[in-house]
Amino acid sequence: MTDVSTAFDRHIAATTEFLTAPVRGNPFASLYRLLVLFLVAGLVIVPLLATVIGGFKDLGELRVNAFGLPRVWHWENYWGILSGSGYWRYLANSLWVAGWTVFLTLAVSAPAAFAFAHLHFFGEKFLFNYLIFGLTFPFATAILPLFIKIRDLGLLDTPWGIILPQVAFYLAISVLLLRNAFRQLPVELVESALMDGCGYPRIFFSIILPLSRPILAAVAIIAFVMSWNNFLLPLVALNTQTKYPWPLGLMDYQGQYMTQWNLVLAFITLTILPAIAMFLAAQKHIVAGLTAGAVKG
Amino acid sequence: MAATAITLASARRASGVHSGWVTAAIFLPPAIALFTVFVILPIGEAAWYGFFNWNGLGLPTNFVGLGNFVQLFANKVFTRALINNGLIILISLLVQLPLALGVAVLLADRRFGAVTFRMIFFLPYILADVAAGLIWRYMFDGDYGLVSQVATAFGFAPVYLLADTHYAFAAVLIVIVWKYFGFHMMLYIAGMQNIDRYLYEAAAIDGANAWQRFRFVTIPGLASMIRLSIFFSLIGSLQVFDVIRAMTFDGGPLNTTHTMVSFLYIFGITRMRVGFGSAVGIVIFVLCVVVAFSYKRLFMRDD
């Protein structure tokens, strides 16, 4: 059997081997090491803990006791948000936008990446560099003309005004990652399939795609996370509150309850919870996916 | 005869010239079209609009030449925003990356707790900037925040960091380090897995101490990953916006916490000054391209 492990497979192994590997060495080999690590971990964790716990306090207690556990656990801060429709609608909106973004990113970038990896045609190099040029600059540079474009296309204040530009902006990184991964697959696979009379579309769908699941997952994760967290584009493209994705909803809520930090903290907690849950459920894929840009091919 | 025809047909197919071209003609256009409409055209239009005074309605007709750019660089708030972006770059290179590297070294081996610590340090990276920004807006809040309560517990006056024109941006810098160092740590850890273990053993046999092993084995072995992480930092630093929006909303106090993008948002988008905002976009674009290309040329030639 031909070895079909790609650079990305090795990258997954490199970033995540520790999840399964046995612990070696003396745990207390260096006290200083642990001291430094606990200090940094404390600085990372304390704001998060303070946020979660602060959401359970009443305002008076929050003001005098930011550190400790609440004397009385005010679950109603959380219930108030969970029983309203705003929070759920924000999440649903985000999910809708992210879902379509992921689907379209894969549907558009995978065939293009295949063409760049295995086909020869006039202008292939130029077109590839054309797409890759998108890596060098962020959304923000063209946000105003993009706004005008979305408006003129009649997409303003619709999810598609976010989805389509997002897909377009994620194309560069997606095509690059996928093309590199497709190239790493043994060329004999493609050649022997051609010999057997298999056409390129079928090679793509039946051979290349099934062998590239890890990198497809990585691209999907990158697109999902970027879309889930995207703020500037929805901020510019939407103006109806019921269409807001959660980052806009969170800012809106904060603007509304400005000084009632206990409620704002509860809302923050509830909006970061899905991200943390996803992270804990699929650590391996998320770490490998989000650092995939570092794989060279 | 028939056999020859079949062989020829399959040979032609195997060479892939014809059918490959057709497949490409079907596979590529969606990507090229989307990219052109939503990425390339807006960039081109920004370069066009940047020379006009335009409110976005009708067609841009009020040509002002370089007027927008002259106005931009004479604008004190924009100058401050440029400096702030520079500070983000500085703090990323001088604090964030060394911190990430240090922590990566401590966690490279599968020693006690390595798994948990890595996950904890990576956690802020998966949070949205808006959420991270608001969490820290709370932390730095003078009335309710933890930082202020620590200060008062030690007998100091409450600290209103985000209301202080001198220190508000320092607070932003802290948040940026907090949020992104874990990402760079992961890059370094991934890079360290590719360093040959025998190099360390050889170095140890030659009598190299821990520092020398770090300096002469780890650093050279990580060189390309360090360059990549610097590149990510530079490009990322130029586009900071969400954190500003969450922490100081409109770049306050007294416009001291703007970045170029938040400046563009407040002074270009919310006021619909399309020409002026496009000029800001063009400045950011040029900086990004200069960084990307000079960086590639200078440092990544051998990668």
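Analyst: What follows is a set of questions and answers on a predicted model, each setting a value against its cut-off.

User: What makes chain B more spread out than a compact globule?

Analyst: The radius of gyration of chain B is 26 Å, whereas the globule rule gives 19 Å for 303 residues, and because the value is well over that figure, chain B is described as more spread out than a compact globule. The C-alpha atoms of chain B fill a box of roughly 100 × 75 × 30 Å along the principal axes, and the chain is built from 14 helices and 0 strands. Of its 303 residues, 44% count as buried.

User: How many helices and strands does chain A have, and what share of its residues counts as buried?

Analyst: Chain A has 15 helices and 0 strands, and of its 297 residues, 48% count as buried. Its C-alpha trace spans about 75 × 65 × 30 Å along the principal axes. Among the contacts in chain A with a separation of 6 or more, 81% are accounted for by residues 24 or more positions apart.

User: Why is Leu59(B) called exposed?

Analyst: The cut-off for exposed is 12 or fewer other C-beta atoms within 10 Å, and Leu59(B) has 6, so Leu59(B) counts as exposed. This residue sits in the loop between H3 and helix H4 (67-74) of chain B, and its C-alpha atom is separated by 42 Å from that of Ala170(B), which is 111 residues away along the chain.

User: Why is Met272(B) described as partly exposed?

Analyst: Met272(B) has 14 other C-beta atoms within 10 Å, and therefore it is partly exposed. Met272(B) is placed in the loop between H13 and helix H14 (274-299) of chain B, with a phi near 50°, which is positive although the residue is not glycine.

User: What makes H5(A) oblique to H3(B)?

Analyst: Helix H5 (residues 86-118) of chain A and helix H3 (residues 29-49) of chain B pack at an angle of about 120°, with their axes 8 Å apart. Roughly perpendicular runs from 65 to 115 degrees and roughly antiparallel begins over 145, so the angle makes H5(A) oblique to H3(B). Where they meet, Val108(A), Ser109(A) and Ala112(A) in H5(A) face Pro30(B), Ala31(B) and Leu34(B) in H3(B), and the residues of this contact divide into 5 nonpolar, 1 polar and no charged.

User: How many residues take part where the chains touch, and which helix of chain A gives the largest share?

Analyst: In total, 85 residues of chain A are in contact with 86 residues of chain B. Helix H2 (residues 31-54) of chain A contributes the largest share of the side of chain A that touches chain B, with 10 residues, and by class that side has 63 nonpolar, 16 polar and 6 charged residues.

User: Which peptide bond is cis?

Analyst: The peptide bond from Gly252(B) to Pro253(B) is cis, with omega near -5°, and Pro253(B) is found in the loop between helix H12 (242-248) and helix H13 (260-269) of chain B.

Definitions and conventions:
Residues numbered from 1 in each chain as written. Chains lettered and ligands numbered in written order. Predicted model: local features only at pLDDT ≥ 70, side-chain atom pairs only at ≥ 80, totals over all residues. Contact = placed C-beta atoms within 7 Å. Helix = DSSP H or I, 4+ residues; strand = E, 2+ residues; numbered from the N terminus. Nonpolar A, V, L, I, M, F, W, Y, C, P; charged D, E, K, R; others polar. Axes fitted to C-alpha atoms, helices over the stretch in contact; angles between N-to-C directions. Parallel < 35°, antiparallel > 145°, perpendicular 65-115°, else oblique. Rg over C-alpha atoms; globule rule 2.2 N^0.38 Å. Buried ≥ 20, exposed ≤ 12 C-beta atoms within 10 Å, placed from the backbone.
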